[in-house]
Amino acid sequence: MPELPDVEGFRRELADTLPGRRVVRVDVRDPGVLRNTSARNLARTLVGRRFGTPRRHGKWLILPTDGPTVMVHSGMTGHPYFAQSGDPDIGHERLVITLDRGEFRYADLRKLRGVWLAADDDDVARVMGEQGPDALTIDLRAFAAALQGRRGAVKSTLMDQSVIAGLGNLLTDEICWRARINPSRPVADLDRDDLRRLHGAMKRTLLTAVKHGCVPGLPRWLTRVRDAPDPACPRCGTRLRRRRVAGRTSVWCPNCQPA
Ligand SMILES: [Zn+2]
């Protein structure tokens with residue numbers, strides 16, 4: 001599933017290829033990925049426009065043109081990418097925007113989110129909904145401020161995009177494990193040292209993950225072992241605990257991350 005590092009990877013690829021390209025044709029192969037626009041409207045407003053520099057906020061990819069802005073949220077399986085005309089599809093391409101050179105394509109198997117069109121920056125903010133500061137750039141002071149006064153557990157709070165934007169299930173478990181903080185602990189219980197460890201773990205995890213363009217299963221990462229049949233903590237060897245919360249599986253080490 002795409003998390004912040006994947007979306008940042010998409011952004012970097014598109015930042016190298018998209019700026020200055022002019023839209024020649026819009027081919028909506030499956031209108032099921034269009035969220036607030038129609039195939040006809042997308043073509044009518046985009047043809048002739050030039051793409052600017054892609055941005056990202058949390059898991060949102062923002063693709064401005066000299067007219068409206070195209071917004072992509074990858075959901076579980078969305079993959080926006082640039083291809084040369086004639087390059088083979090990666091599969092499940094739902095939208096192909098032919099450019100004066102190359103193509104922008106959006107592939108998405110499950111179509112849980114998709115593509116939005118925004119008229120201006122106010123509209124971009126409206127489409128994204130309430131978003132906290134981006135997890136990749138937030139400093140310790142802003143991180144502590146974002147968590148200040150929150151009532152929930154650490155994990156659900158970190159995954160709340162309106163608190164901090166960009167963290168999903170894998171990243172949050174990885175970060176909590178590295179910071180040695182139980183994901184079920186109430187945020188209100190965290191002291192300054194906990195917050196500093198959590199923020200440091202988040203920064204290090206994200207910087208490495210962004211380099212890989214995904215949440216990587218590296219040696220001594222929780223992500224590497226979490227889906228094993230009977231996984232052990234990469235740090236201390238204790239059997240990891242697993243629990244499903246709201247359809248998502250949380251994994252933690254009862255020894256390193258006491259409740
Ligand atoms: Zn452990």
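At 6% relative accessibility, Thr 157 counts as buried, a term that applies under 20% relative accessible area, with exposed meaning over 50% and partly exposed the range in between (1.4 Å probe, protein chains only). The model is a predicted one, in which local features need pLDDT of at least 70 and side-chain atom pairs count only at pLDDT 80 or more, whereas totals for chains, interfaces and linings use all residues. Residues are numbered from 1 along each chain as its sequence is written, and side-chain values use heavy atoms, with hydrogens and water left out.

Thr 157 belongs to helix H5 (residues 154-159); helices (H or I, at least four residues) and strands (E, at least two) are DSSP runs numbered from the N terminus. When neighbours within four places in sequence are set aside, Thr 157 contacts Leu 147, Arg 150, Gly 152, Val 163 and Val 187, where contact means heavy atoms within 4.5 Å.

The description now turns to the division of the chain. The protein chain comprises domain 1 (4-128) and domain 2 (140-252), with bounds that come from an automatic or database domain assignment. The centres of domain 1 and domain 2, taken over C-alpha atoms, are separated by 30 Å. Contact between the two involves eight residues of domain 1 and 12 residues of domain 2. The size of an interface is often given as the accessible area lost when the parts come together. Between domain 1 and domain 2 the buried area is about 750 Å², and carbon and sulfur atoms give 71% of that area; buried area is the accessible area (1.4 Å probe) that two parts lose on being put together, summed over both. On the side of domain 1, Leu 4, Pro 5 and Lys 59 lose the most area to domain 2, together 61% of what that side buries. Zero salt bridges are found across this interface, the rule being a side-chain nitrogen of Lys or Arg within 4 Å of a carboxyl oxygen of Asp or Glu.

Val 210 sits in helix H7 (residues 192-212) and is buried, with a relative accessible area of 9%. Although 207 residues separate Val 210 from Glu 3 in sequence, their C-alpha atoms are 9.8 Å apart in space.

His 92, a residue other than glycine, has a positive phi near 65°. His 92 lies in the loop between strand E5 (78-83) and strand E6 (93-99) and is partly exposed, at 43% relative accessibility. Lys 111, also not a glycine, has a positive phi of about 55°. Its place is the loop between strand E7 (103-108) and strand E8 (114-118), and Lys 111 is partly exposed with a relative accessible area of 28%.

Finally, there is the metal site. Cys 233, Cys 236, Cys 253 and Cys 256 coordinate the zinc ion through their SG atoms at 2.2 to 2.3 Å; donors are N, O and S atoms within 2.8 Å of the metal (3.2 Å for Na, K and Ca), and because water is not among the atoms, sites may look incomplete. The four donor atoms subtend angles of 103 to 114° around the zinc ion, so the arrangement is tetrahedral, a label given to four donors if all angles lie between 85 and 135 degrees. In sequence the donor residues follow the spacing C-x2-C-x16-C-x2-C. Cys 233, in the loop between helix H8 (222-225) and strand E9 (241-245), and Cys 253, in the segment after strand E10 (248-252), are 20 residues apart, and the pair links distant parts of the chain. Both Cys 233 and Cys 253 are buried.

Methods. Tetrahedral: all angles 85-135°; square planar, octahedral: opposite > 155°, others 65-115°.
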